[in-house]
Amino acid sequence: MIYSFANDYSEGCHPSILEALTQSNLIQQDGYGDDEYTRNATSIIRQLTQSDADVHLIAGGTLTNLVVLASILRPFESVVAAQTGHIFANETGAIEATGHKVEAATTSDGKLRPQDIVPFLNKARGHHVVRTRAVYISNSTELGTIYSKKELTDLHIFCKANNLILFMDGARLPMALAAPSNDLTIADIAALTDVFYIGGTKCGALLGEAVVITNPELKKDFKYHLKQRGALTAKGRTMGIQFDQLLRNNLIFDLANHANRMAAKLSAIFKSKGFPLLIESDTNQVFPILPNTLVKKMQEDYGCLIWNVIDEKHSAVRFITSWATPEEVVDRFSIDNN
Ligand SMILES: Cc1ncc(COP(=O)(O)O)c(C=O)c1O
């Protein structure tokens, strides 16, 4: 293996985090999110979002998705997601295990639009079927695409008009916000969603996701939900200090920008060699369509993942770059198609 492009969490964390962890090691702090680092991170997030949001740090994305959704939904309510959405495609039924159906809409680019949600609201069978109450989107999406301000505003208006809660999975939100084509600010996202999160795991932290709740109804009792599902961490300080570091001086966005830039270089290499892309991604995921004869070798050299089968002879393959991907690896990236 020359270098693995299998995912964006193969490295540990940004060195400034290790330094901060070392320096704070023997300083005593209160547990369960009541430490000074979590308070600092919360206050930076409130400034960035220009809101009085509640902030909670949770160890992983699946855990975040299930606690947030289970806290929003009544027992008979469901959530709509794109069929590529992480909660539908990749979480082993974690949401369903909380008792809530995930309803999936087929979309071509990983994004949900109002017209994708409408069919789930027109349930002629009333109380014989689940009631759709939440909309799950991810930004960036699992296909690397991002929402524009207009698209998110349209969704926001639609959700408000239909009494739906809008939840944005931001496992890769820093990449979305750092994308050259992005026109959303984090303050827009706070204003246009009810709850979202800022990913740390894939964006330079050892682990952790920062949930930002702006809808007052959802703030209430959230800590009970966290605790009951085992997501309220005694040593919350370990995540607090990471977000405190990452959010200072825009570090998290600089790291995301690096990941995006490395992916743009990979995209350009594939295109220059005549390999089409499954989709134009704005962020750190690239999906070239490669002949199967080449896929095995690319997997051996670069640990990429087969995303889907295009036809008998071709597959779409996913390459992900990270905050730590060395530029020289990308500059020396070779495709030997002989
Ligand atoms: C968009 C998105 N959300 C959530 C998750 C889940 O994160 P975790 O693996 O930490 O549970 C992932 C993981 O790849 C993801 O890509």
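Modeller: Happy to. Let's start with T62, where a polar side-chain atom lies 2.6 Å from an oxygen atom of the ligand. Keep in mind that this is a predicted model.

Colleague: Good to know. What does the side chain of D169 do with the ligand?

Modeller: An N or O atom in the D169 side chain is 2.6 Å from a nitrogen atom of the ligand.

Colleague: And how far is the K202 side chain from an oxygen atom of the ligand?

Modeller: There the distance is 3.1 Å, taken from an N or O atom of the K202 side chain. As for cover, the ligand taken alone exposes 390 Å², and the protein buries 79% of that.

Colleague: Nice. Which residues are around the ligand?

Modeller: The residues around the ligand are G60, G61, T62, N65, H86, E91, E142, D169, A171, R172, Y197 and K202. By class, that shell has 5 charged, 5 polar and 2 nonpolar residues.

Colleague: Which helix gives the most to that shell?

Modeller: Helix α3, residues 61-72, which contributes 3 residues.

Colleague: Where does the ligand sit, then?

Modeller: In the largest pocket. The volume of that pocket is about 410 Å³. It is lined by 26 residues, and the closest to its centre are Y9, H86, A171, R172 and K202.

Colleague: How does the pocket lining split by class?

Modeller: It has 12 polar, 7 nonpolar and 7 charged residues.

Colleague: What lines the largest cavity?

Modeller: Its lining is made of A82, G85, G110, K111, L112, Y136, I137, S138, E142 and Y147. E142 is also listed among the residues around the ligand.

Colleague: Which strand gives the largest share of that cavity lining?

Modeller: Strand β4, residues 131-138, with 3 residues.

Colleague: Great, thanks for the tour!

Conventions. Residues are numbered from 1 along each chain as its sequence is written. This is a predicted model: local features need pLDDT of at least 70, side-chain atom pairs count only at pLDDT 80 or more; totals for chains, interfaces and linings use all residues. Side-chain values use heavy atoms; hydrogens and water are left out. A residue is near a molecule or strand if one of its heavy atoms lies within 4 Å of it. A polar contact is a pair of N or O atoms within 3.5 Å; within protein, one must be able to donate a hydrogen and the other to accept it, and residues adjacent in sequence count only if both atoms are side-chain atoms. Accessible areas come from the Shrake-Rupley method with a 1.4 Å probe; for residues, only the protein chains shown count as cover. On a 1 Å grid over the protein atoms alone, a cavity is a set of points where a 1.4 Å probe fits but cannot get out, and a pocket is an open set with protein on both sides within 12 Å along at least five of seven lines; lining residues have an atom within 4 Å of a point. A molecule sits in a cavity or pocket if more than half of its atoms lie within 2 Å of its grid points. Helices (H or I, at least four residues) and strands (E, at least two) are DSSP runs, numbered from the N terminus. Ala, Val, Leu, Ile, Met, Phe, Trp, Tyr, Cys and Pro count as nonpolar, Asp, Glu, Lys and Arg as charged, and the others, Gly among them, as polar. Grid points are joined across faces, edges and corners, and a volume is the space filled by probe spheres set on the points.
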